Amino acid sequence: MAKRPVPLYDFAAFGQAIKAARTGRNESRKKVSDEMNISPRYLANIENKGQQPSLQIFYELVTRYDISVDQFFFPDKTAEKSTQRRQLDTLLDSMSDKGISILLALSMLFSLNTVAFAAESGTTDELQIVEENGTRTVSLNDGELTYIVTYDTVNNTICVAQKDNNTGLVEYGTVESTEITENSLVSARSKIHQDTFCNYEYDIYTGSPNEWNLERPKETGSGQNYFMVYENSSNSSQLDSWFNAVNSLNDKEWQAVSSYGVALVTSAAAGFISGMAVASGGILTPGAITAIVAATGATGTAAVLLTQVGTQCNVCLRAYWNVYNATDNMHF
């Protein structure tokens, strides 16, 4: 009996969804492959070439990334919950009440210039924006700290300060220039070098072994701190995470640039660098990121993209210190 002709299902859309979810979590293909006991090439073929995965691998991928399969098999049917809603549910379940209140305040920022939001817990997050004589001042109170971002659009500078609401102590970040320079326009996407607006960068000098130069923004303002390492068993996985983190930051920055221009991203990056100078451990809080983004004047999708850039700066800083603490051959 002849076999009934059955058209092969095209898994290209599924592969693209998996790749987007994986990169959105800043997971390297090697990391996922190792944890699932499959080869990186197999995962790459699923993501980029629409290769049909085995049923087991299909199941593990959709459950790992909370992907709704209805969108692929029943595209005309309205799913009970889309992939985005399932992923948002997972994200919200992992957040504290304070984090959720800041997220809601941020969402209100997209359409309002001044917001005051009272969370269910009774805490209040106030985002206030005042513009006068070419200077935009933004303040946001997250309960413990008040962030004050001053963006001087006349002299092209931005500075972030934070006030401890318990002690009244005010700390000032560095005053950063928001002017576009020649370096701002460089997007080096080669395999051995990467630049970013936020000053997280790397160089890889290939050889046996590879030698890496890792750079991050200085706490004291303009310029960068750096150190160099030889790649070996003590730091290989950490360097892989650093590599992916900086590349992801570059991608997020240029996604914003392609939609809203270099000037906006340059201003936000300068604000993030100033904010890192006063942030505990250099890690920007959600409130600080919200205030800095508001100071640039970004709203809607632009604010979302810049918030992603600020959040990715934290990922890069943690990855930087992970390499620093793991390596056994640091040099300068």
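Reader: Which side chain meets D66 in a salt bridge?

Author: Side chains of opposite charge can pair when their charged atoms come close. A salt bridge here is a side-chain nitrogen of Lys or Arg within 4 Å of a carboxyl oxygen of Asp or Glu. D66 meets R25, at 3.9 Å from N to O. D66 lies in the loop between α4 (55–64) and α5 (70–73), and R25 in the loop between α1 (12–24) and α2 (29–36), so the pair ties together parts that are 41 residues apart in sequence.

Author: Two notes on the source. This is a predicted model: local features need pLDDT of at least 70, side-chain atom pairs count only at pLDDT 80 or more, and totals for chains, interfaces and linings use all residues. Residues are numbered from 1 along each chain as its sequence is written, and side-chain values use heavy atoms, with hydrogens and water left out.

Reader: Is D66 buried or exposed?

Author: Buried means under 20% relative accessible area, exposed over 50%, and partly exposed in between (1.4 Å probe, protein chains only). D66 is buried, at 17%. R25 is partly exposed, at 38%.

Reader: How many salt bridges does the structure hold?

Author: Nine. One of them joins E35 and R64, at 2.6 Å from N to O. E35 lies in helix α2 and R64 in helix α4, so this pair ties together parts that are 29 residues apart in sequence. E27, K31, E35 and R64 are linked in a network of salt bridges.

Reader: How many helices and strands are there in the protein chain?

Author: Helices (H or I, at least four residues) and strands (E, at least two) are DSSP runs, numbered from the N terminus. The protein chain has eleven helices and eleven strands.

Reader: Which residues touch the most other members of the largest nonpolar core?

Author: In soluble globular proteins, nonpolar side chains tend to be buried together. A nonpolar core is a set of buried Ala, Val, Leu, Ile, Met, Phe, Trp, Tyr and Cys residues joined through side-chain atoms within 4.5 Å. The largest has 55 residues, and Y200, L214, W242 and F272 touch the most other members. Helix α11 (residues 300–326) gives the most to this core, with eleven residues.

Reader: How many disulfides does the structure hold?

Author: A disulfide is a pair of cysteine sulfur atoms within 2.5 Å. The structure holds zero. Take C316: its sulfur is 6.4 Å from the closest cysteine sulfur, in C313, too far for a bond. C316 is buried, at 0% relative accessibility.
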